[in-house]
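Subject: Handover of a structure and notes on it

Dear colleague,

Please find below the structure that I am handing over to you. I would ask you to keep it open while you read the notes.

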Amino acid sequence: MRMQTDKKTGALALIKELVILLLIVFVVRTIGFGLYQVPTGSMETTILVGERFFAEKFTPWFSKPARGDIIAFNQPETMYVYSSNPAILFVQQYIWGPVNLTKRVIGLPGDKVKGVIEDGKPVIYINDVKLDEPYVNKYPLISVYKESLQEVDKLSEAYLTELLLTGRIRSSDVNELKGRVKEQFATQKSFDPAVSWDKQPFYRIQEDRIALNGEGEPVIRYPYTVLMPDQRPIQRGNGNYWGNSADEFYIELGPNQYWCMGDNRLGSGDSRYFGPVDGKHIHGRILYRIWSMDSDESWWILDLLKHPIDFWTRIRWNRFFERVR
């Protein structure tokens, strides 16, 4: 009888210790430190897809982010509906809710931020002073299919057939839509034109997966291309305007508002799209890169199981344990 009681007491003690440990881990990850992964190329080439980062969360609690900081924040209200209930809001912000975004701080509270086109290139002014941005991606982007061309053709045909059968398009629209449908199976990657495809510094690019335009040439977007030249930003009142991801914008930031943008200006959904970020949604500052691999898997172990040999050839050893600036 006593032995059973001792076992029961020991089990309860173990459960108690585990619960306390989990609570400590939760508190540390919530207000202290965190690990982040950026799933898109919005911060290239500062941050590449397949990299993991260490971030500190003390700054947002005790001080304000500085211009140039790379921060993690929850989606703004324009992209996500937050609850007015404090308990639910806490869950949304720290446990389960909006997507985390990673961008660079461009404008600080009280700044006048203006995006204009000068000499055919987009530039930014802060309080009427032109901003020097050495971190902006200076490499072109090339469209690359995620699957083989044969597989992309099959997927495109299947999708178009579904649209036809459901009456969403007419048979006369098929040829016109083929190219646009195939685009959804492509992703844009930074590349160095001076280096061969098999020695690219950022991503491994398979030549037979490069998307081609109607003339048979690779689909490439060059640095400093003006975004949405035919669409105007949306007037927001009080002289502010932004939207449509246009490179022309103007905003006078409020007391706790930040203007945040990705370093890869041709491939970033940022404040040009969703507007200013409220400081209450900022929860981390990216400091160090701890892991880098050419993969879009959320968990590296899955990639290892799927590709046990190829896995090792896609690790970017030269980008491990670096300070991110």
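The notes below begin with the whole chain and then turn to particular places in it.

This is a predicted model, in which local features need pLDDT of at least 70 and side-chain atom pairs count only at pLDDT 80 or more, while totals for chains, interfaces and linings use all residues. Residues are numbered from 1 along each chain as its sequence is written, and side-chain values use heavy atoms, with hydrogens and water left out.

The whole chain

The protein chain holds eight helices and 17 strands. Both kinds of element are DSSP runs numbered from the N terminus: helices are H or I runs of at least four residues, and strands are E runs of at least two. Of the 325 residues in the protein chain, 41% are buried. Buried means under 20% relative accessible area, exposed means over 50%, and partly exposed lies in between, with a 1.4 Å probe and protein chains only. Among contacts with a separation of 6 or more, 67% are between residues 24 or more positions apart; contact means heavy atoms within 4.5 Å.

H281 is found in the loop between strand 15 (277-278) and strand 16 (282-292). Is H281 buried or exposed? H281 is buried, because its relative accessible area is 1%. Its side chain makes a polar contact of 2.9 Å with the side chain of E77. A polar contact is a pair of N or O atoms within 3.5 Å; within protein, one must be able to donate a hydrogen and the other to accept it, and residues adjacent in sequence count only if both atoms are side-chain atoms. With neighbours within four places in sequence left aside, H281 is in contact with A72, F73, N74, Q75, P76, E77, Y82 and Q93.

Y82, one of these partners of H281, lies in the loop between strand 3 (70-74) and helix 3 (86-94). Y82 counts as buried because its relative accessibility is 16%. A polar atom of the Y82 side chain lies 2.4 Å from the backbone oxygen of Q75. Not counting residues up to four places away in sequence, Y82 touches several residues, including L89, Q92, P98 and H281. The C-alpha atoms of Y82 and Q92 are 7.4 Å apart in space, and the two residues are 10 apart in sequence.

Helix 4 and helix 5

How do these two helices meet? The axes of helix 4 (residues 149-165) and helix 5 (residues 174-183) come within 10 Å and cross at roughly 130°. Axes are lines fitted to C-alpha atoms, for helices over the stretch in contact, and angles run from 0 to 180 degrees between N-to-C directions. The two helices are therefore oblique to each other; angles under 35 degrees count as roughly parallel, over 145 as roughly antiparallel, 65 to 115 as roughly perpendicular and the rest as oblique. On the helix 4 side, the contact is made by L149, V152, D153, S156, E157, Y159, L160 and L164, and on the helix 5 side by V174, L177, K178, V181 and K182.

Helix 7

D303 lies in helix 7 and is buried, with a relative accessible area of 3%. The side chains of D303 and R314 are joined by a polar contact of 2.6 Å. Beyond its neighbours within four places in sequence, D303 is in contact with M293, S295, E297, F311 and R314. I301 also has its place in helix 7 (residues 300-306), but I301 is partly exposed, with a relative accessible area of 38%. Between I301 and F311, which are 10 residues apart along the chain, the C-alpha separation is 9.7 Å.

Backbone points to check by eye

Most residues other than glycine have a negative phi, and most peptide bonds are trans. A cis peptide bond joins E44 and T45, with omega about -5°; T45 lies in the loop between strand 1 (33-37) and strand 2 (51-56). N127 has a positive phi, near 50°. N127 lies in the loop between strand 6 (121-126) and strand 7 (129-130) and is partly exposed, at 37% relative accessible area. Phi of F321 is also positive, near 50°. F321 lies in the loop between helix 8 (310-313) and strand 17 (322-323) and counts as exposed because its relative accessibility is 66%.
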